[in-house]
Amino acid sequence: QVQLVESGGGLVQAGGSLRLSCAASGNIFRIKHMGWYRQAPGKERDMVATITTGGSTNYADSVKGRFTISRDFAKNTVYLQMNSLKPEDTAVYYCNLEQFPPYTIYSGWGQGTQVTVSS
């Protein structure tokens, strides 16, 4: 089992900023990547940003230039700095951790944190 605990969500006005944190614990052996996904009401869960153990990042086009993912793998923690927030960024944000084989069964999701951006 792996546990992912997110924090930092909340209500912010458009143009504002929030910083999400996700701390992983439990059976952590070889992290492949950690990342953030989001799901708005009535929509599918989509990738927002991911970061590999080596530091390579990947962003959804809609957040490039506004969001920054970073990590402290020594602490098994990943962060998402969100600037210039827009109402369309409103969603539940989920942290994800993927591990290399043969530890993939210890990959998982956090419980989610709500981000609401008012116009």
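What share of the contacts in the protein chain between residues at least 6 apart in sequence join residues at least 24 apart? The share is 55%, where contact means heavy atoms within 4.5 Å.

Before you click around: this is a predicted model, in which local features need pLDDT of at least 70 and side-chain atom pairs count only at pLDDT 80 or more, while totals for chains, interfaces and linings use all residues. Residues are numbered from 1 along each chain as its sequence is written, and side-chain values use heavy atoms, with hydrogens and water left out.

**Stop 1: the whole chain**

You'll find 11 strands and zero helices; helices (H or I, at least four residues) and strands (E, at least two) are DSSP runs, numbered from the N terminus. The radius of gyration is 14 Å, close to the 14 Å that the globule rule gives for 119 residues, so the chain is as compact as a globular protein of that length. That radius is taken over C-alpha atoms, and the rule is 2.2 Å times the number of residues to the power 0.38. Along the principal axes, the C-alpha atoms fill a box of roughly 45 × 25 × 20 Å.

The accessible surface comes to about 6200 Å², with 48% of it belonging to carbon and sulfur atoms (Shrake-Rupley method, 1.4 Å probe; for residues, only the protein chains shown count as cover). Of the 119 residues, 42% are buried, meaning under 20% relative accessible area, with exposed over 50% and partly exposed in between (1.4 Å probe, protein chains only).

**Stop 2: a four-strand sheet**

Next, pick out E1, E3, E8 and E7. In that order they make an open sheet with antiparallel pairing; two strands pair if DSSP finds at least two bridges between them. E1 and E7 (67-72) are the edge strands, each pairing on one side only. Neighbouring strands of this sheet are turned by 15° against each other on average, direction ignored (axes are lines fitted to C-alpha atoms, for helices over the stretch in contact, and angles run from 0 to 180 degrees between N-to-C directions).

Start at E1, residues 2-7. Val 2, Leu 4 and Glu 6 lie on its covered face, while Gln 3, Val 5 and Ser 7 lie on the uncovered one. Six bridges tie E1 to E3 (residues 18-26), antiparallel, and Gln 3 has Ser 25 as its bridge partner in E3.

Carry on from E3 to E8 (residues 77-82), another antiparallel pair with six bridges. Select Leu 18 to see Met 82 of E8 opposite, then Arg 19, which stands opposite Gln 81. Five of the six residues of E8 are buried, so this strand is largely enclosed by the rest of the structure.

Finish at E7, which pairs with E8 in the antiparallel sense over six bridges. Asp 72 stands opposite Thr 77 in E8. The two strands form a hairpin with four residues between them, and Asn 76 in the turn has a positive phi of about 50°.

**Stop 3: Ser 107**

Last, zoom to Ser 107, in the loop between E9 (91-99) and E10 (108-109). Its side chain makes a polar contact of 3.3 Å with the side chain of Glu 98. Here a polar contact is a pair of N or O atoms within 3.5 Å; within protein, one must be able to donate a hydrogen and the other to accept it, and residues adjacent in sequence count only if both atoms are side-chain atoms. The Ser 107 side chain also reaches the backbone oxygen of Thr 104 at 3.0 Å. Leaving aside neighbours within four places in sequence, Ser 107 is in contact with Val 2, Leu 97, Glu 98 and Gln 99. Val 2 takes you back to the covered face of E1.
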